[in-house]
Amino acid sequence: MRTFYCCLLGILMSGVLPKAFANDEIIVSLPDSRGEEGAESLSEEEREWNRLREIARNSTYTPAQKQELYEKARGVEKLLRTPVKLRDYGRNEQAWSEEDFFCHYARALHEDMEHFIAEHLHSDVYLQDYGKQQAEKDAAECKRRVDELVKCARAAYQASLEWFVRDVGHNHHYNDKSELSLHFRTHLQNRLLMDICTMGQNEGNWWVSGIRANYTQGGLPNNSAATTEFEDALNLRNWECFSKRTVDAWLHHIEEETLDQYRQFIVRFIYNKEAEQASPRPEKRDYHGMGQMLKNLFFRSEPTSANYLREEPENRDVEIALFNKAEKAWDAYLEAINNVNRPIENWYFSGSGVPGWRAEFNESMIRSLESYLLNVISFANDGNFSYTCPVDFTLYEMTEEAAEALNKLPG
């Protein structure tokens, strides 16, 4: 049965079936394709709704308007509005270096936090309720949490890069490994930016600025809409027949995937740490005379595969240690970004929806890390690495025109 589903998935991915099944535009446009007779039968109210929906789906800012918004923005919003060419040092020699990226990352977060402190913690209402001394104490804690996030983000980034360079240098078949490292850096930076973009869209967050997404056009990249799955990651490695019984057992085991299970899979199966113990070696026997002739005729052994040769564990411990070090750093980052999402705990920033919003954000950050691990599963230890480009966070942005049109729609 699993083979059937894998074949079906392959057909779907190959593009043999019509794209209408995966194209939202085709589905959305169906009501408008009924011809002139259908259009004439629509009521005035229905025609107005269709007009407003078209505005919401098609309204975008011009490049000049995007540049103006970028120049006016501050903090995280400005960082997300940064023209892609300034972040794409793989294709633009004048783009930001790694040091530049983290300087802008830290500055953006601190600018938004300073604005939050000035607007709320130093407001007359807050000072009256909590006093100047408590307000200053809370402000210092807010700044400390931002510093902690920046420190943890950079530590996790650097630890992952250190693991990746080792993994590529010893295991991958790519010729231009420096270019591969550039793309991995971009992948890590995209993830850090997506996380703070997600934080700015969380209803429980009071201080991070951002870009409002127009989901009728597809929406900004976000972790809640991730479509990568465990089986897809394995398929990218061309593992349709590799240790099928082992993979099937693991898939059954992770009906509810967790970070630890993904990490265990990478250590145990991607790096083949248990492969030698799990696969008994053929017994060595000496044959002579007629026994040797029969062996030659009926028991010809096939050449040792390259995969078998790569199962030797002598170089695995270093990669595994670096990978585990990076994952501990990402755990610290996860804690830091959840702490800074809601840096103040008092009635002023409370409400009935706050616990749900906090849980929602925590879940989105876990999905972000899971998505990263699924990518690791697809390319670690000589898998298939997907090249990436900096994310354009202004691609599916909510314009004022689109927002006005959506507000007029019922519901």
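The model is a predicted one. The protein has 411 residues, and 40% of them count as buried. Its secondary structure consists of 19 helices and zero strands.

**The protein as a whole**

- The accessible surface comes to about 24000 Å², and carbon and sulfur atoms account for 52% of that area.
- Take the contacts between residues at least 6 apart in sequence: 81% of these join residues at least 24 apart.

**Helix H8**

- Helix H8 covers residues 98-121, which makes 24 residues.
- At 1.5 Å a residue, H8 should span 34 Å, and its end C-alpha atoms lie 33 Å apart, so the two values agree.
- An α-helix has 3.6 residues a turn, so residues three or four places apart point the same way.
- Cys103 also belongs to helix H8.
- Cys103 has a relative accessibility of 37%, and therefore counts as partly exposed.
- Val150 is 47 residues away from Cys103 along the chain, and the C-alpha atoms of the two are separated by 9.5 Å.

**Helices H4 and H19**

- Helix H4 runs over residues 44-58 and helix H19 over residues 400-408; their axes come within 8 Å of each other.
- These two axes cross at roughly 145 degrees, and the crossing of H4 with H19 is left-handed.
- On the H4 side, the contact is made by Leu52, Ile55 and Ala56.
- On the H19 side, Glu401, Ala402, Ala405, Leu406 and Lys408 take part.
- By type, the residues of this contact between H4 and H19 are six nonpolar, no polar and two charged.

**The loop between H18 and H19**

- Helix H18 spans 354-379, and Asn381 sits in the loop between H18 and H19.
- Asp382 is placed in the loop between H18 and H19 as well.
- Asn381 has a phi near 55 degrees, which is a positive value in a residue other than glycine.
- For Asp382, phi is near 70 degrees, again a positive value in a residue other than glycine.
- Asn381 counts as buried because its relative accessibility is 1%, which is under the 20% cut-off.
- Asp382 counts as partly exposed because its relative accessibility is 22%, a value between the limits of 20% and 50%.

**Loops on either side of H6**

- Arg74 lies in the loop between helix H5 (63-72) and H6.
- With a relative accessible area of 32%, Arg74 is partly exposed.
- Leaving aside neighbours within four places in sequence, Arg74 is in contact with Glu111, Asp112, His115 and Ser209.
- Thr82 is found in the loop between helix H6 (75-81) and helix H7 (84-87).
- Thr82 has a relative accessibility of 5% and so counts as buried.
- Not counting residues up to four places away in sequence, Thr82 touches Tyr70, Arg87 and Trp96.

**Val125 in helix H9**

- Val125 is part of helix H9, which covers residues 124-171.
- The relative accessibility of Val125 is 46%, and so this residue counts as partly exposed.
- Val125 and Tyr348 are 223 residues apart in sequence, while their C-alpha atoms are 9.5 Å apart in space.

Key: Residues are numbered from 1 along each chain as its sequence is written. This is a predicted model: local features need pLDDT of at least 70, side-chain atom pairs count only at pLDDT 80 or more; totals for chains, interfaces and linings use all residues. Side-chain values use heavy atoms; hydrogens and water are left out. Helices (H or I, at least four residues) and strands (E, at least two) are DSSP runs, numbered from the N terminus. The expected span of a helix is 1.5 Å times one less than its number of residues. Buried means under 20% relative accessible area, exposed over 50%, partly exposed in between (1.4 Å probe, protein chains only). Contact means heavy atoms within 4.5 Å. Accessible areas come from the Shrake-Rupley method with a 1.4 Å probe; for residues, only the protein chains shown count as cover. Axes are lines fitted to C-alpha atoms, for helices over the stretch in contact, and angles run from 0 to 180 degrees between N-to-C directions. A crossing is left-handed if the near helix is turned anticlockwise from the far one by less than a right angle, and right-handed if clockwise. Ala, Val, Leu, Ile, Met, Phe, Trp, Tyr, Cys and Pro count as nonpolar, Asp, Glu, Lys and Arg as charged, and the others, Gly among them, as polar.
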